[in-house]
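Subject: Structure handover

Hello,

I am passing this structure on to you. Please open it first, then read the notes below.

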Amino acid sequence: MNTSSPRTQGMALKWMKWTLRCAMAIVAIILALDLVYFVQGSLEMFPTGERQSGIREVTGLAAVMLCLVELALLLLLRRVRQASS
């Protein structure tokens, strides 16, 4: 038995869209900070080349993972938009 009205379903979809947009914004900010750290490198006074290459590997991998998360959130948002129309 479905007791939810179209109004509550519309409100739920609205909240879902808002939540996904906020999550996308948070992931984008983290991705931007990760890319800044990738470019800037180690924050030590005299970092070694080995430490710099390690930081570039880790931040590069993190950037790829964050891009995949952003893509997944975008696809979810598109699916919610299609469901609402």
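Here is what was found, from the whole chain down to single residues.

First, the ground rules. This is a predicted model, in which local features need pLDDT of at least 70 and side-chain atom pairs count only at pLDDT 80 or more, while totals for chains, interfaces and linings use all residues. Residues are numbered from 1 along each chain as its sequence is written, and side-chain values use heavy atoms, leaving out hydrogens and water.

**Overall form**

The protein chain has two helices and zero strands. The C-alpha atoms fill a box of roughly 65 × 20 × 15 Å along the principal axes. The radius of gyration is 19 Å, whereas a compact globule of 85 residues would have one near 12 Å. That radius is taken over C-alpha atoms, and the globule rule is 2.2 Å times the number of residues to the power 0.38.

**Surface and contacts**

Of the 85 residues, 18% are buried. Buried means under 20% relative accessible area, exposed means over 50%, and partly exposed lies in between (1.4 Å probe, protein chains only). The accessible surface comes to about 6800 Å², and 69% of it belongs to carbon and sulfur atoms. Areas come from the Shrake-Rupley method with a 1.4 Å probe; for residues, only the protein chains shown count as cover.

Now the contacts, meaning heavy atoms within 4.5 Å. Take those between residues at least 6 apart in sequence: 70% of them join residues at least 24 apart.

**Cysteines**

How many disulfides does the structure hold? It holds zero. A disulfide here is a pair of cysteine sulfur atoms within 2.5 Å. For C22, the nearest cysteine sulfur is that of C67, 20 Å away. C67 is likewise in no disulfide. C22 is partly exposed, at 28% relative accessibility. C67 is partly exposed too, with a relative accessible area of 41%.

**R21**

R21 sits in helix α1, which covers residues 6–40. R21 is partly exposed, at 42% relative accessible area. Which residues does R21 touch, not counting those up to four places away in sequence? They are L77 and R81. R21 and L66 are 45 residues apart in sequence, and their C-alpha atoms are 15 Å apart in space.

Best wishes

Technical notes. Helices (H or I, at least four residues) and strands (E, at least two) are DSSP runs, numbered from the N terminus.
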